[in-house]
Amino acid sequence: MIEIKNITKVYKSDIVETKVLKDISFSIKEGEFVAIIGPSGSGKSTLMHILGCLDAPTSGQYFFEGKDVSQLSDDELADIRKRKIGFVFQAFNLLPRTSVLRNVALPLAYANIPKSKREEIAKEALLSAGLNEKRFYNLSNQLSGGEMQRVAIARALVNNPSLILADEPTGNLDSKTGEVVLETFQKLNKQGRTIILITHEKYIAEHARRVISLKDGEIIEDTINHRSKIIQQIKE
Amino acid sequence: MFITDLIEETYFAIFANKARSSLTILGIVIGIGSVIAMISIGQGAAGSIESNIQAMGSNLITITPGSQTSFSQVRTARGTAQTLTIEDAQAIAENVPSAQAVAPELSQRYQVVFKGNNTNTQIVGTVSSYLLVKNVEMTQGSFISEQNINSLSKVAVLGPTIRDDLFGEGVNPVGQTIRINSINFKVIGVIQSKGGTAFGSQDNMIFIPLTTAQKFLVGGDYVSTISVQAESSQTMGQVKIGITNLLLTLHNIADPLLADFSAISQEDILDASTSMTDTMTILLAAIAGISLIVGGIGIMNMMMTTVTERTREIGLRKAIGAKRIDISLQFLAEAVTLTFLGGVIGIILGSGAAYGITLFTGMATKISLFSIILAFSVSAGIGIIFGYYPAQKAAKLNPIEALRYE
């Protein structure tokens, strides 16, 4: 579903050229749960931006569902993000003083889904993200951190994207709520959704089935996480 | 994004920050309100001057004497020459085809006494056609007749203000005797009040037969003005030329530049006063326009702050698929809505202010559809102009940097 070939990304300031990604290639199949792990400065955020169509690579090719998206314009990328990608951020990025349902329905407005259908779709997404129905009409700033992240996950789901990108989704949560959020991702993955999780914590990466380790802009390891599978099998 | 979504977003954004939104709107309210009020004052003044000029009589041409050069080559002031005569007036009435009515006048100020009261006012010697030419109507008694002219009667018709000054309000003075310059005159009528005009109110004049004025008061056979009424506004130019040519011939003057009289039509006065009031309106509107620009800068300032404050939100909107146009429309809609609201409130307040000015100072004001349309389009335009830059700034934000913005 995703294939990147010889991706490089160079940031130029006045004098210094910083090579953040050095000739990276890999592919991700539909239905995979991949963690991209690396210390800060490893280039994982830059990689996520490229995978999420928020940024274009300096060179190399990026095939999203077979289509080369590495040289598209801003608005064309926005279109792909709208239809195909759901984002979950570390800081949740919910609209403040706005109801949970409105927050979740926001991507539907940009996708020109008729108003009458939005509430239903948003509620469905919130239920599969595991938010208590009592919270649906609350304002976003009245929620706990765990609840906010569930709203953010619901918002990522609402356009039925083929890829969910989570950037340090547990970074602002305590370990217990973090665990619940990660279990939500596992559940969604079991429903057949492709998930890419970006983190710098190894124990978080262990929830994924496949772990890609980055260091200094290069892939140093790409392993199948058997333990994760075992955990899953036991749970099943 | 649907239009309804855009309206909803705008509504939420404006109501999220009520205090700031209302202060920004206030800037536009003051701007639009003062433009409306100022234009209405200007147009009101123009309207009242115009109606004053119309009240002088319709399709009027006024002939005044020019200056006179004596044998010693000393030239006197314009208007002081004694070259116009009753014969000139008669000649105009007989020979200029479209001149409907001709009224010669001779006026000077004299002291007027009735019993214990006295006043100094303009005494106008004229003929019966004055009524027609100057649009004058009677309230009491009658005006000067042909008979009065021929027999040099010592009769007087009073302006209402003079009646009030000499006899007291509401008193019928007809039949009483007043003394003008120590000569007894019998009051035969009172004219209807026309209100003050900028060109001398007839309300405080006294009218006597022209021949009487020439013989007993002034002691000369000249007249000070001849007023001519043309048949219609179309024939005014023609009548003016006819009079000029006729008088040049009668006065034996070959070169029109040396004419010892001047003929001014009402249109000339109207044109002059229109250009004066237009200048005033433009001046007032320009001053008000400055506050409108200040209001626009207020809008821009608020939008810039909003864009900075909501950088992360813009980043998020972009991440979930908002295009540049979606973002810029959102902020533009916000700016236009603010100015639009300000415009509506400003029009209401400005009209209210104009109404208040009329109510408390008696100054005429006129709120025209034109000024409302102008204010409306200016306010919408200001929203677009001052909202455009912040909206573009928001639309061009890089989503990655916007999401990271602290």
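This is a predicted model: local features need pLDDT of at least 70, side-chain atom pairs count only at pLDDT 80 or more; totals for chains, interfaces and linings use all residues.
Residues are numbered from 1 along each chain as its sequence is written, while chains are lettered from A and ligands numbered from 1 in the order in which they are written.

**Exercise 1.** Find out which element of chain B gives the largest share of the side that touches chain A.

*Solution.* Start with the contacts: 19 residues of chain B are in contact with 21 residues of chain A (C-beta atoms, placed from the backbone, within 7 Å). Next, look at the elements giving two or more residues to this side of chain B: α1 (3–16), α10 (311–319), α11 (324–361) and α13 (399–404). Helices here are DSSP runs of H or I with at least four residues, numbered from the N terminus. Finally, pick out α10(B), which gives the largest share with five residues.

**Exercise 2.** Work out how α9(B) and α12(B) are oriented to each other.

*Solution.* First take the axes, lines fitted to C-alpha atoms over the stretch in contact, with angles from 0 to 180 degrees between N-to-C directions. For α9 (residues 266–309) and α12 (residues 369–395) of chain B, the axes come within 9 Å and cross at roughly 30 degrees. Now apply the cut-off: angles under 35 degrees count as roughly parallel. The two helices, α9(B) and α12(B), are therefore roughly parallel to each other. To finish, check the residues that meet: among them are B:L292 and B:M300 in α9(B), and B:I382 and B:F386 in α12(B).

Conventions: Two residues are in contact if their C-beta atoms, placed from the backbone, lie within 7 Å. Angles under 35 degrees count as roughly parallel, over 145 as roughly antiparallel, 65 to 115 as roughly perpendicular and the rest as oblique.
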